[in-house]
Structure formats: C-alpha cells, structure tokens
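Dear colleague,

Please find below the structure that I am handing over to you. I would be grateful if you would read the notes that follow with the model open beside them.

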Amino acid sequence: MAVRRIIRMGHPTLRQVSRSLTTQEIASDEVADLVEDMIETLHDYGGVGLAAPQVNVPIRLAVIEIDGGPSRYGELPQMPLEVFINPLIHVLDPQTAGFWEGCLSVPGLRGYVERPQHVRVDYTTLQNESRSIELNGFLATVFQHEFDHLDGKLYIDRITDMAKLSFDAELARFGE
Ligand code: NI
C-alpha cells in the first residue's frame, strides 16, 4: 500500500472523460491495489471522497467515506467507506441547494455550487455486485462532485457567481 500523489487542476487527466471498467478488470489485482492506495491516500490527505482520475488513473471509480456528526455543512449522516465503480447518477428532484465545496485537486480554495439534492446512484461494488442508493442533501452534493471527476469536470466549472470562489482562509475570516 502507498499514498499516491493527488494531481492538481491544470493536469490534463483531470479534464479527461474516464473509461468504464469491465467485470474482469474490477476483479483484477491492479484495481484491488489501486483501491487500497486510494483509501490510504484519502485518509492521508483528509477529505470525504477521492476519484481515480485524481491519482492520475482515468477510470470510472471513486471512494467515498463520510464521518457522521457535526461539520461545517451541518449535522451529517455517516457514510461508511464504499467503492463506487461505473456509477450513474439519476436526478430524482431537480430542486437545488448550494454548499461551499472544496477539492483535493484544487487545494486551498472553496466555491459555492448549487446542485440537485435528491439523487439515485446505480453502481458496481468492488465485489462486482450491482447496487443502488438514494441520497439527499449534502450527500447528494458529495456524490455529484466526485462523479463529475469521472467526466473531466471540476466544481469550479459549476460556480455560477465567481464572487463566491474564495481561499479557505479568507472564507473562514470574512465568511460567506
Ligand atoms: Ni474533487
């Protein structure tokens, strides 16, 4: 296992559409090693999610883990670590809400992004099982942010008011 380097905005891989994994690939040692490294990397850098393109592997895979409890985003439900392969998002309610998002590939910045708050995610697990989950509120935002990486999109692309892009420290100092 190893912590991998997270690539940053400007690296072309972050702007690429990643490819899907086949059933054989999902069962491979390479993908198992990648997932182990991504989990270690997520824990080392800190954060709620990491998509494979962020460690310069352009495949449709992301890991997400949310510690429940109070946070800057309010009280969060716990989301145990899970690996999401070839995920598809279906918006169940187009009504949006905004959060100040950050990204390990865009360090030091936060931006206000509005996204739908009720979605369903269909995905494949590392054990090659098909699953479906429904997400509301901040969790819906987290999943959309992570899966945007698989399509070469960053949260900054979705900021509608660029006055709401701030350095972390200034946001903490001056507020929203
Ligand atoms: Ni990100």
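This is a predicted model: local features need pLDDT of at least 70, side-chain atom pairs count only at pLDDT 80 or more; totals for chains, interfaces and linings use all residues.

Residues are numbered from 1 along each chain as its sequence is written, and side-chain values use heavy atoms, with hydrogens and water left out.

Metal site

The nickel ion has three protein donors, Cys-103 (SG), His-145 (NE2) and His-149 (NE2), at 2.1 to 2.3 Å. Donors here are N, O and S atoms within 2.8 Å of the metal (3.2 Å for Na, K and Ca); water is not among the atoms, so sites may look incomplete. Along the sequence, the donor residues follow the spacing C-x41-H-x3-H. His-145 is buried at 7% relative accessible area, and His-149 is buried at 1%. Buried means under 20% relative accessible area, exposed over 50%, and partly exposed in between (1.4 Å probe, protein chains only).

A residue beside the site is Glu-101, whose side chain makes a polar contact of 2.8 Å with the side chain of His-145. A polar contact is a pair of N or O atoms within 3.5 Å; within protein, one must be able to donate a hydrogen and the other to accept it, and residues adjacent in sequence count only if both atoms are side-chain atoms. Glu-101 lies in strand S3 and is buried, with 5% relative accessibility. Leaving aside residues up to four places away in sequence, Glu-101 touches several residues, including Tyr-73, Arg-110, Thr-141 and Tyr-155; contact means heavy atoms within 4.5 Å.

Thr-141 belongs to helix H3 and is buried at 2%. Its side chain is joined to that of Gln-117 by a polar contact of 3.0 Å.

Strands

Helices (H or I, at least four residues) and strands (E, at least two) are DSSP runs numbered from the N terminus, and two strands pair if DSSP finds at least two bridges between them. Strand S4 (residues 109-124) runs antiparallel to S3 (residues 79-101), with 12 bridges between them; Trp-100 has Tyr-112 in S4 as its bridge partner. S4 is also antiparallel to S5 (residues 130-136), through 7 bridges, and there Tyr-123 is partnered by Arg-131. The hairpin of S4 and S5 has 5 residues between the strands, and Asn-128 takes a positive phi near 65° in it. A further antiparallel pairing, of 3 bridges, links S4 to S6 (residues 165-167), where Leu-109 stands opposite Phe-167.

Largest pocket

The largest pocket has a volume of about 400 Å³. It is lined by 24 residues, and those closest to its centre are Gly-47, Val-48, Gly-102, Cys-103 and Arg-110. Helix H3 (138-148) and S4 are the elements that give two or more residues to the lining, and H3 provides the largest share, 5 residues. On a 1 Å grid over the protein atoms alone, a pocket is an open set of points where a 1.4 Å probe fits, with protein on both sides within 12 Å along at least five of seven lines; lining residues have an atom within 4 Å of a point. Points are joined across faces, edges and corners, and a volume is the space filled by probe spheres set on them.

Yours sincerely
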